[in-house]
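I am keeping notes on what I looked up in a structure that is new to me. The entries are in the order in which I made them.

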Amino acid sequence: MSYSVDISVEAPIENQIQEITYDGTEIYQPPLTISESLAKYAQKIDFSRVSDVDVKKEESNEDSKSDADSKDAFQSSLWPWDGVRNKLRSALQEVCVLADVLAIAKEKRYLVLDPVQQEPLETKPMVQIYARKKALAGNYICNSLTFLKLCIVGAANVLLAGAEKLKTSQNEAARNRTTMDFHIELLRLRQNWRLKKVSNTIIGDLSYRTAGSKYLQTGTFEVTKAEEEEKSSSPPSSPLPGGPAPVKPNSALRVSIPSELQGVAYIEVLCQKDQEDLCSANINLLGSGPPATNPDMHWQQKLEAAQNVLFCKELFNQLAKEAVQLQAPIPHMVVGNQIMATVLPGIQLIIGLCHSTTGDKKQQNPAPSKSDHDHVLEHSLHQLLREVHHKNTHIPFPHPATGPLGPSKKRMIAGPMAADRYELLEMTKTETLLEQIVKQAQHFIMRMRTEYVLDTIAKEIRDPLISSHWNTLNSPTQSCVKINISTHGYDAVCRTPLVIHVGEKSLKCICRDGKVMNMSYEPQELRDLIMCHINQHQILAVQALAKTMGWQALGNSNHLGTGSVEPLGNASSCLLSSPTGDRIIAVRCEPQAGTQVSVAHSPRSDFFPSRLVTERKWEHLGGQFRDVRLDKMEGRNFLHKMELLMASLTSNS
Amino acid sequence: MLGFQNQKNVCKIICMMGVTILTQFPTGNRTGPETVEVLSKRILALGAAQQGQFLVDCDTYTSIPQLGPQRTVHVLHNSEQPATVFSLLESGNKTIPLAADGLFDLLMMKMSSFYTPKKQTKAESKGLRYEIGDFCVKLGTVTVSSNFKGILVEVEYRPCVVPAMCWDLLKEFLQGLLGQSAPGNLPAYLQNRVQEIYSPIDTIHQYLEHFTLFRKSPGGMGLRTQ
């Protein structure tokens, strides 16, 4: 330990020369950065010096103690293990401290352990190798070897102790740094928000103006340095008992937001039918529920909340402006914080702006119990305004550089593509946000109605099976459903496909034969159409089945003119004759009354001429039709019954 | 069948131009306005509705001798495509069509030192536009440098874009409207392109053919329209 060498630490006056070129110019190494030079100097610190003093002190203590021992043997005899006890106690103390430090460091909230470059330790194995080499050199240096070993062990101890000290000092520094540096915080703020310095204050802007918004309300906020006293006093004065305990590191930065942007805002979309909610959507930029309006909230959350308020206000303002300007057949109403627009007769779209400024008013907001929260409407409202912003910032370039600014790309190519006047008229039309959201709401209701009609029909009618497949890909105002009418067990025999395009205010059905039916928003029309198609399906399926059974279709009519008048559509019918022609089945399908099946028998194979019927050929005219009571027949469904009927009539002949 | 309105299936996609047939209607011993009157009475009797007016005009420019063999540029405007300027460049026996936007007119003005406008050759066909079902009928009075030259009847069948597929229908319609003077065959320009998709420039070609004929016709009918 006494072999330590004093090291003087001083910076070189000039930088080291890296290279000398042939013409004699010297290329210097770049100067070290502060952290690099700190690391370099830290490596050069001789910790043994400090511990040497300690050791010396201890030694002197021991010396004095031994002196005392010799002088006062009584005391030493009283405490023979005194020294051991002291050392154990100090060791315990250190272990306790270490345990505490580790426990705190594990939390990672107050203290972070950074790896420290411990280059001096690496020299140890080198010394050992050197020592081993020396040991190999010969026995005559045995003495010096033991001496060296001692030296190395001592040096290692010194280094370890030094490292431990560095660690503890760093930990202490970290503990003191619970409040973050104002400038670091400001740097982080500046990475995410627009800031500028106006005389002595720092002003920020959280409006969407740089993203293309043209909303007039400013979104300026002021950044100040948080006062120490205020910080220490604010946690107890916090009115929220359930709020987060003041465990977070307090920010050294304080943002003050104008009062009209404080609090929580969201836009509520409701589709109402006679005071009954059909659907509702809450739009909230943050996605999660309304965050607590805690005065101690982190500035990031605070600013995000304020930005959300601004966004919602802009959206509502825009919608309200359009609602007043638009000339709708049923005028839109703007009352207070609500816009009412009639989507379909009897159904209203209500868009409301909810803005709660303080935490106490939170209870007034509708509870998030509305489970039919529609994400699609929420998302599209959000998207629509973003689209407007995007369009404002992304103006297409004028085509000749000197050309007019403004026309869309589509308009620019309209000339060379020889667009006609209809196309050009289409291009001049622009839809307002409200029109678009009304259209989307209309489509939403149309889709819901169509779904309901299809589901109820599928539930009511078991005998042909009605399955509907909704396309997964659709636009906010158009979707498509494919309906298959088939009979269980006879899918391969006959199937009636229908495609329904659900639009904004109308339905378009493309039938099996390619006919296109346009329907209004009334769900009854769709229901009637499907009922008619069920009838047609039954008749077609019976004929297809007859073909496979070897029966012959004598004729069919989809729109039968005879019989009672149907309330909707027409009855359809077909006539089938057995392979030998002696049996005839007549089927009549009515949308309301259901199916009727009648059978006519030709006479027996033996023929006895009478006075009236003289010749056998007249018997082929067929006899009277007799009704078949289908409900008494065996069979799973209509087609199965018909199959059994045909089979029995064929085998008889 | 169910009382549903089987409305015409309105095509949502921006429609391409339908097939157009342009034909000359002889005035006989009537004056121009009288002929137009007769035709408009006929078309209105068929149930057509008048839908505004139309105008097709044609300016012709010739290249200066320094540019080598003479070339001719016809610049045409059609009110049906208001944003477009059509031009047909005749060099040798080739005709190069071009559809450009309105700035092309300004470009021609800039090039006036290379392409000089032919005097007294501005041809135009203007008149009323009628719609009847899927057909669009235009009765145009043709003037060459404001001298009345004749009557051009344009009939467009909008749902179809291939001439071969709707020529028979158009022929029948034209016969119903024009009687004896209806064309028996497709216009010469379209005969080579019956299977191709019809585009607005094809209409322009037909107009140019007729304008060229009218220009060559001796002195017109000697009747001023105004």
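My entries below go from numbering and confidence to the two chains, their contacts and a few single residues.

**Numbering and model**

I number residues from 1 along each chain as its sequence is written, and chains are lettered from A and ligands numbered from 1 in the order in which they are written. The model is predicted, with local features needing pLDDT of at least 70 and side-chain atom pairs counting only at pLDDT 80 or more, while totals for chains, interfaces and linings use all residues.

**Confidence in chain A**

I looked up pLDDT, the predictor's confidence in each residue, from 0 to 100. Chain A averages 77, and 75% of its residues score at least 70. I noted two stretches where the score stays under 50. One is residues 65-74 of chain A, with one contact beyond four places in sequence in the model. Another is residues 360-372 of chain A, with eleven contacts beyond four places in sequence. A contact here means two residues whose C-beta atoms, placed from the backbone, lie within 7 Å. Where pLDDT is low, the predicted coordinates should not be read in detail.

**Chain A and chain B, one by one**

I took helices (H or I, at least four residues) and strands (E, at least two) as DSSP runs, numbered from the N terminus. Chain A has 15 helices and 21 strands. Chain B has five helices and nine strands, in the order β-α-β-β-β-β-α-β-β-β-β-α-α-α along the sequence.

I call a residue buried if 20 or more other C-beta atoms lie within 10 Å of its own, exposed if 12 or fewer, and partly exposed in between, with C-beta atoms placed from the backbone. By that count, 23% of the 653 residues of chain A are buried. For chain B, the share is 33% of 226 residues.

I also checked sequence separation. In chain A, 60% of the contacts between residues at least 6 apart join residues at least 24 apart. In chain B, residues 24 or more positions apart account for 63% of the contacts with a separation of 6 or more.

**Where the chains meet**

How many residues of chain A are in contact with chain B? I find 23 residues of chain A in contact with 21 residues of chain B. On the side of chain A that touches chain B, α12 (421-428), β16 (516-519) and α14 (523-549) each supply at least two residues. That side of chain A divides into twelve nonpolar, five polar and six charged residues.

After α14 of chain A comes A:G550, whose phi is positive, near 85 degrees.

**Cores**

A nonpolar core is a set of buried Ala, Val, Leu, Ile, Met, Phe, Trp, Tyr and Cys residues joined through C-beta atoms within 7 Å. The largest has 61 residues, and A:I267, A:A306, A:C312, A:L315, A:V343 and A:A441 touch the most other members. Helix α9 (residues 299-325) of chain A gives the largest share, twelve residues. Domain 2 (183-229 + 250-362 + 372-393) and domain 3 (437-535) of chain A both contribute, so this core lies between them; the bounds come from an automatic or database domain assignment.

Apart from neighbours within four places in sequence, A:A441 is in contact with A:C271, A:V343, A:L349 and A:L377. A second, separate core has 47 residues, including A:A418, A:A419, B:I43 and B:I204.

B:S40 is in helix α1 (residues 32-45) of chain B. Beyond four places in sequence, B:S40 is in contact with B:L128 and B:L139. B:S40 counts as partly exposed because it has 17 C-beta neighbours inside 10 Å.

B:Q50 sits in strand β2 (residues 49-63) of chain B. Not counting residues up to four places away in sequence, B:Q50 touches B:L128 and B:Y130.

B:S145 lies in the loop between β8 (135-144) and β9 (147-157) of chain B. Its phi is positive, near 40 degrees, although B:S145 is a residue other than glycine. B:S146 is in the loop between β8 and β9 of chain B, with a positive phi of about 60 degrees. Is B:S146 buried or exposed? B:S146 counts as exposed, because it has 11 C-beta neighbours inside 10 Å.

Note on methods
Ala, Val, Leu, Ile, Met, Phe, Trp, Tyr, Cys and Pro count as nonpolar, Asp, Glu, Lys and Arg as charged, and the others, Gly among them, as polar.
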